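Work through these exercises with the coordinates open. Each task is followed by a stepwise solution.

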Amino acid sequence: MKIAVLSDNHGLLRPEAARVISECDAVIHGGDINSQKIIDEMKAAAKENALIYIVRGNNDKEWAEHLPHHLEFTLAGMNFYVVHNKKELPADLGDRQIIIFGHSHRYFEEKKDGRLWLNPGSCGKRRFDQDITLAILRIDGDACSVERIDIEHEAPRRKGSARFHA
C-alpha cells in the first residue's frame, strides 16, 4: 500500500503535493490545514475510494472542531497513532507501530523501539526557512519504507536587489 503523509499546509495545497496524493491509496494528514478548502482539494486529488485520515492542528480553529485531536487505526496490517504535536502523545502507545506527527515543520524519520516515528515536515507555505517536504509511506506485508519528497522553492528576493540581464 502506498500512503501520502503530509502536515502543516497552512492554507496551501501545492500542485506537487496534490500529485503525490493522486498516486496513493491513502492519505494521512498531521494537522495545521487551516481551511476546509484544503481538505476538499485533497479529497478531489485523491484516488476514488482512497482512505483519508486527518487530525486537527493547533492552527485549525473553530472550522475544524469536527476533526479529531488524534487518531488510532490499523491500515495495511500496521497500527498507527496520528497527532499534530508530538508532545501530546500518550505515555503508553500500546501496540502502535507507526507514529505520525507534525507541528515542527521539520522532516523527521526514525525507527526506534520497534516503531517508525515520522514527521513529514511542512508542504504548504514555506515558514521558518524550512525545507518543503512530505513523505510517501509504503507498506508491504510486515515491512514498511519511507520516501522523503522535497518540493523545490524559489529563493526569496532580497529587498533592494534587482536582476539584470546582459
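**Exercise 1. A pair of partly exposed partners**

Task: In this predicted model, find what joins the side chains of Glu147 and Arg138, and classify the accessibility of each residue.

Solution. 
Step 1. Take the N to O distance between the two side chains: 3.0 Å.
Step 2. Apply the cut-off of 4 Å for a side-chain nitrogen and a carboxyl oxygen. Glu147 and Arg138 therefore meet in a salt bridge.
Step 3. Check accessibility. Glu147 has 33% relative accessibility. Arg138 has 33% as well.

**Exercise 2. Arg148 and its two partners**

Solution. 
Step 1. The side chain of Asp131 meets that of Arg148 in a salt bridge, 2.9 Å from N to O.
Step 2. Arg148 lies in strand 10 (residues 143-151). Asp131 lies in the loop between strand 8 (115-119) and strand 9 (132-140). The two are 17 residues apart in sequence, so the pair ties together separate parts of the chain.
Step 3. Check accessibility. Arg148 is partly exposed at 34%. Asp131 is partly exposed at 41%.
Step 4. Look for a ring. The charged end of Arg148 sits over the ring of Tyr107, 4.9 Å from the ring centre.

**Exercise 3. Salt bridges, local and networked**

Task: How many salt bridges does the structure hold, where do Glu41 and Lys37 lie, and which residues are linked in a network?

Solution. 
Step 1. Count over the structure: 9 salt bridges.
Step 2. Take Glu41 and Lys37. Their side chains meet in a salt bridge at 3.0 Å, N to O.
Step 3. Locate them. Both lie in helix 2 (residues 36-45), 4 residues apart, about one turn of the helix.
Step 4. Recall the geometry. An α-helix has 3.6 residues a turn, so residues three or four places apart point the same way.
Step 5. Compare the classes. Glu41 is partly exposed at 27%, whereas Lys37 is exposed at 54%.
Step 6. Follow the network. Salt bridges link Lys2, Arg19 and Glu23.

**Exercise 4. Aromatic pairs**

Task: How many aromatic pairs does a search of the whole structure find, and is the pair of Phe73 and Phe80 stacked or tilted?

Solution. 
Step 1. Run the search: 3 aromatic pairs.
Step 2. Take Phe73 and Phe80. Their centres are 5.0 Å apart, with 10° between the planes. Planes under 30 degrees apart count as stacked, so this pair is stacked.
Step 3. Check burial. Phe73 is buried, as is Phe80.
Step 4. Ring pairs link Tyr53, Phe73 and Phe80 into a cluster.

**Exercise 5. Cysteines**

Task: How many disulfides does a search of the whole structure find, and how far is the nearest cysteine sulfur from that of Cys123?

Solution. 
Step 1. Search: 0 disulfides.
Step 2. Take Cys123. The nearest cysteine sulfur, that of Cys24, is 12 Å away. The cut-off is 2.5 Å, so Cys123 is in no disulfide.
Step 3. Check burial. Cys123 is buried, at 0% relative accessible area.
Step 4. Cys144 counts as buried at 17%.

**Exercise 6. One face of helix 1**

Task: Which residues of helix 1 (residues 15-22) are buried, and what do they pack against?

Solution. 
Step 1. List the buried residues: Ala17, Ala18, Val20 and Ile21.
Step 2. Look down the axis. The buried residues fall within an arc of 160°, so they line one face of helix 1.
Step 3. Find the packing partners. These are strand 1 (2-6), strand 2 (26-29), helix 2, strand 9 and strand 10.

Methods: Residues are numbered from 1 along each chain as its sequence is written. This is a predicted model: local features need pLDDT of at least 70, side-chain atom pairs count only at pLDDT 80 or more; totals for chains, interfaces and linings use all residues. Side-chain values use heavy atoms; hydrogens and water are left out. Rings of Phe, Tyr and Trp (its six-membered ring) pair if their centres lie within 6.5 Å; planes under 30 degrees apart count as stacked, over 60 as edge-to-face and the rest as tilted. Buried means under 20% relative accessible area, exposed over 50%, partly exposed in between (1.4 Å probe, protein chains only). A charge sits over a ring if NZ of Lys or CZ of Arg is within 6 Å of the ring centre and within 35 degrees of the ring normal. The arc is that of the directions from the helix axis to the C-beta atoms. Contact means heavy atoms within 4.5 Å.
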